[in-house]
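Reader: Can you walk me through this one? Keep it quick.

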Amino acid sequence: MSVRRITTGSPFEEQIGYSRAVVADGWVFVAGTTGYDYKSMLMPGDIVSQCRNAMATISAALEEAGSGLDHVVRVNYIVPDPAEWPDCWPVVSKAFATAKPAATMISAQLQNAEMKIEIEVTARLP
């Protein structure tokens with residue numbers, strides 16, 4: 001089995017020991033992704049901006065893998081405050097307008113209190 005790992009250069013990937021995405025056997029597995037702007041390492045204060053940043057990071061990882069948002073088959077959203085989740089619907093609805101993946105929203109505490117959403121996806125290679 002051939003495995004390819006994709007990184008974003010995030011310090012968390014090195015510190016914690018994971019890859020942003022792993023490509024294996026026609027699948028792309030993208031790790032839980034939060035809303036950091038990885039160029040500036042800044043976290044916006046609102047969930048919508050964090051959601052947009054997370055989706056941009058995920059999209060870039062999928063593109064590097066040879067896939068894209070239109071090939072996502074599964075998405076997991078993790079949100080500490082479920083009352084904020086509806087604010088993200090327009091962002092994720094637009095991102096997954098074509099793919100319409102199977103999806104789950106889980107309410108759970110994230111690694112840092114500033115994190116308002118984490119998104120994990122599984123996609124196919126076209």
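Predicted model: local features only at pLDDT ≥ 70, side-chain atom pairs only at ≥ 80, totals over all residues.

Reader: What should the 19 residues of helix H2 span?

Author: They should span 27 Å at 1.5 Å a residue, and the end C-alpha atoms are 27 Å apart, which agrees. The expected span is 1.5 Å times one less than the number of residues. Helices are DSSP runs (H or I, at least four residues), and strands are too (E, at least two), numbered from the N terminus.

Reader: Which residues of H2 are buried?

Author: Among them are Ile47, Met55, Ile58 and Leu62. Buried means under 20% relative accessible area (1.4 Å probe, protein chains only).

Reader: And what comes just after H2?

Author: Glycine 66, with a positive phi of about 95°.

Reader: New topic. Which residues touch the most other members of the largest nonpolar core?

Author: Met55, Leu62, Phe96, Ile117, Ile119 and Val121, out of 30 residues. H2 gives the most to this core, 9 residues. A nonpolar core is a set of buried Ala, Val, Leu, Ile, Met, Phe, Trp, Tyr and Cys residues joined through side-chain atoms within 4.5 Å.

Reader: How many salt bridges are there?

Author: There is 1. Arginine 20 meets glutamate 13, at 3.4 Å, N to O. The term means a side-chain nitrogen of Lys or Arg within 4 Å of a carboxyl oxygen of Asp or Glu.

Reader: Is arginine 20 buried or exposed?

Author: Buried, because its relative accessibility is 0%. Glutamate 13 is buried as well, at 5%.

Conventions: Residues numbered from 1 in each chain as written. Heavy atoms only, no water. Buried < 20%, exposed > 50% of the residue type's maximum accessible area, 1.4 Å probe, protein only.
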